[in-house]
Amino acid sequence: MKTLPAFAPALAGDGPRPGDRDRAAAVRHPIAIERIDPDAVQVLRRLVRAGHVAYLVGGGVRDLLLGRAPKDFDVGTSARPLQVRALFRNCRIIGRRFRLAHVFFRDGKVIEVATFRRDPSSRSEHDEGTGRDLLIRSDNVYGEPHEDAARRDFTINGLFYDIEREQVIDHVGGLLDVQRRLLRTIGDPDVRLREDPVRILRAIKFAARLDLGIDPALYDAMVEHRGQLVRAAPARVLEEILRLLRGGAAHRSVALAWDTGALSVVLPEVASFLDDDAEGASLLWARLGACDRRQRAGRLPSDPVLLLALLSGALEEALHEARDPAAALDGFFEPLVRRLVLPRRMRERIRQVLYAQRRLATGRHAAIAGRDFYDDAVTWFCIEREARGQPVPEWARASPSRDASVRRDATRPAAG
Ligand code: ATP
Ligand code: MG
């Protein structure tokens, strides 16, 4: 039998029990079951039938409450990963730092099931002062639902939905923020952004994509701590930049990144281009707008094309009148590779797309039609035409054949 910690007797009597907090935070708020992925519903029901607590969590709940179709349906549960695996045949445990379960369904669909956990950096009273304890901490610190809600970034992302009781479990004041359409951190924005500066880019993404107001204290903290973004892991920063571009609100996202000054930290070349070249800037906004229209039509451009749209103005400036365009291109990318660890294949694809443009402009598209960069080259050709208000030729409108929007978001962090 486990020995109880010294404070346990105080909880044993009439004091709070696990789950009490959830009951106190529950608000009846039915969401039509048809709006929830049937496989996620099945996962939730099976967990509950086995005696576990299980809620829909994170971005899925937020999107449902905002009247949008969620991109994915994540589940939070009191069950440990091995207990989850015991319930589902089609289940794999993933993650080294934090272990969670992936339940697989038809067509490669995955429902992510994560055990409730608390933020390993939020110390409770009894480990205060034990420096050693901090060191051995990993992300694998299981917790109560309210602790799992508190570790999340924004109040609208910290909501849970109980499908059986048709209740939203709100430990963080997120429901009111959904109603007010307001983006607010859970806790002090100064602390939360310093803990993880990538949240600055996430704030921009959510505000732009979901068309939300930003809490003034959060906005101030974004501006104040934007310099900390240089300390964040480059791969995460690049991934968040790509997410800003993929969400159908690239124009609004980049404008907000520019306004807050975050852009001048992560992509100073783009920020100074926007600062200095008003005419070039309006072409850049038009290109990003063209990317957004494609996304809304279900034809999201590939990552290299999106990135090219963002870099295009600064890139053209660097290539303008260059004697050796190849060297100028390498020179342009060099600091980006250092800052963002921009993968080689991404640079290579951007180069191929740019080099193909002259062929496409002179009607020699057939010569490269079989090449693997062809679809990207044609997409960029169309974006460029649209942005400049020029007609798009029929052959270009008919291709590309591939629909890039069906691609999965394969780089989800193990955060949720
Ligand atoms: P999207 O629709 O873009 O996927 P999302 O809210 O689902 O948005 P994810 O990055 O998929 O965002 O993360 C899932 C959940 O994990 C978030 O809703 C949030 O609760 C939590 N989360 C993700 N990143 C962080 C972070 N950096 N700090 C705290 N919580 C985070
Ligand atoms: Mg998500």
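**A charged shell around ligand 1**

By class, the shell around ligand 1 in this predicted model is made up of 13 charged residues, four polar ones and two nonpolar ones. That makes 19 residues surrounding ligand 1, and the closest of them are Arg 62, Asp 196, Arg 199, Arg 202 and Arg 209.

Which elements give two or more residues to this shell? Three helices do: α4 (59–65), α10 (198–210) and α12 (234–246). The largest share comes from α10, with five residues.

Turning to individual polar contacts, the side chain of Arg 209 puts a polar atom 2.6 Å from an oxygen atom of ligand 1. Arg 199 comes in on a nitrogen atom of the ligand, with a side-chain N or O atom at 2.9 Å. Lys 205 also takes part, through a side-chain N or O atom placed 3.3 Å from an oxygen atom of ligand 1. As for how much of the ligand is covered, ligand 1 taken alone exposes 590 Å², and the protein buries 96% of that.

Is α12 mostly covered or mostly open? Mostly covered: 10 of its 13 residues are buried. The buried set takes in Val 237, Leu 238, Ile 241, Leu 242, Leu 244 and Leu 245, but it also includes Glu 239, Glu 240, Arg 243 and Arg 246. After α12 comes Gly 248, with a positive phi near 85 degrees.

Stepping back to the whole protein, the chain has 416 residues, and buried residues make up 49% of them. Its secondary structure comes to 21 helices and 10 strands.

Key:
Residues numbered from 1 in each chain as written. Chains lettered and ligands numbered in written order. Predicted model: local features only at pLDDT ≥ 70, side-chain atom pairs only at ≥ 80, totals over all residues. Heavy atoms only, no water. Near = heavy atom within 4 Å. Polar contact = N/O pair within 3.5 Å; in protein donor to acceptor, adjacent residues only side chain to side chain. Areas by Shrake-Rupley, 256 points an atom, 1.4 Å probe, with all protein chains shown as cover. Helix = DSSP H or I, 4+ residues; strand = E, 2+ residues; numbered from the N terminus. Nonpolar A, V, L, I, M, F, W, Y, C, P; charged D, E, K, R; others polar. Buried < 20%, exposed > 50% of the residue type's maximum accessible area, 1.4 Å probe, protein only.
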